[in-house]
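Reader: I am new to this structure. Could we go through parts of it together?

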Amino acid sequence: MCLSNGYEGDVIDNMKTEVKVSADEEELVAQLRNYLTEKLTYLLEQNGTISIGVSGGSMPKVFSEALLSVAPELLNWKRIRIFMVDERHVPRDHEDSNLGAYLQLFPQELHHVFIPVPISKQVVHTAQAYEINLRKYLLPEQLNTYPRFDILFLGAGPDGHTASIFPGKEQLEKITDLNWVSVITDSPKPPPSRVTITMPCILNAKNVAFILTGANKRDVVRAIHEGDKSIPAAQARPMNNKLTLFLDEHAAAGVPNRESSESESPPPFDT
Ligand SMILES: O=C(O)[C@H](O)[C@@H](O)[C@H](O)[C@H](O)COP(=O)(O)O
């Protein structure tokens, strides 16, 4: 695990995971901005849609601040499309809506950049409609394969869930044509009913970045470092190994052999 800030960590199973540790939210946003700048610079030289998946919870605020502060010449809104890695089965104007949270943080003139999750009465129909929306932008070269999302920003719960894939509930039913999206109706994290992209989509992604802050993410960081496949967040390692962890000092304490400055570190910042 290669730690920035001068920390050299272990190499995991011959896979390098880049770790960026922030002392506060301002530094986290700056590191996310730098990451987005690097990836967008490369992606803009390619063709087609630039697909960025984002998660809910604490992510909307720091992600939105980081992306909206990237150099304007890199923000080609005709090509960038942002989609929800998972979404709660609630109306868009509900306080629990992930898309709703992002739309409140983006100016109206950029709302078209978000691929909508069409909320139907039945959560299965929502998942099926969402997959159809995603396919409009991301149909892979061959049918019946998984998309190669450009960047997936994932969070993780203290229980190790990521997206809406929970420990012991990883076997999501195939309910859409291509199995890009599935549903959970008994999510341990409320609200219970959600749609989520599936693990094969995560494994197929070109870049995966976790944003994990707070002492309650320490064990998840350790599980990712150790490759503990009983934890969905640790399963979510892309096949090309392009995995980056954005941590605060508290979560970084889960990286073995890293001098923890727990005693002096500031209280967890509320992202
Ligand atoms: O819709 C959701 O709830 C999220 O997509 C979920 O996977 C989230 O990323 C984690 O639960 C971490 O949430 P926090 O960052 O708020 O701890």
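Reader: Which strands does helix 4 lie across?
Author: In this predicted model, helix 4 (residues 123-138) lies across strand 7 and strand 8. Helix 4 runs at about 160 degrees to strand 7.

Reader: And how do strand 7 and strand 8 pair?
Author: Strand 7 and strand 8 (residues 194-197) are antiparallel, with four bridges between them. Ile-184, for instance, has Arg-194 in strand 8 as its bridge partner.

Reader: What is the order of the strands in that open sheet?
Author: The order is 5-8-7, an open sheet of three strands with antiparallel pairing. Strand 5 (86-88) and strand 7 (181-184) are the edge strands, each pairing on one side only. From one strand to the next, the twist averages 20 degrees.

Reader: Turning to strand 9, how many of its residues are buried?
Author: Five of its five residues are buried, and strand 9 is mostly covered. Val-208, Phe-210 and Leu-212 point one way, while Ala-209 and Ile-211 point the other way. In a regular strand, side chains alternate between the two faces of the sheet.

Reader: Which strand joins strand 9 through five bridges?
Author: That is strand 10 (residues 243-248), which runs parallel to strand 9; there, Phe-246 is the bridge partner of Ile-211. Strand 9 also pairs in the parallel sense with strand 6 (residues 151-154), over three bridges, and Leu-152 stands opposite Val-208.

Reader: Where is Asn-216?
Author: Asn-216 is in the loop between strand 9 (208-212) and helix 6 (218-226).

Reader: Why does Asn-216 count as partly exposed?
Author: Because its relative accessibility is 47%, and partly exposed covers values between under 20% for buried and over 50% for exposed.

Conventions:
Residues are numbered from 1 along each chain as its sequence is written. This is a predicted model: local features need pLDDT of at least 70, side-chain atom pairs count only at pLDDT 80 or more; totals for chains, interfaces and linings use all residues. Side-chain values use heavy atoms; hydrogens and water are left out. Two strands pair if DSSP finds at least two bridges between them. Helices (H or I, at least four residues) and strands (E, at least two) are DSSP runs, numbered from the N terminus. Axes are lines fitted to C-alpha atoms, for helices over the stretch in contact, and angles run from 0 to 180 degrees between N-to-C directions. Contact means heavy atoms within 4.5 Å. Buried means under 20% relative accessible area, exposed over 50%, partly exposed in between (1.4 Å probe, protein chains only).
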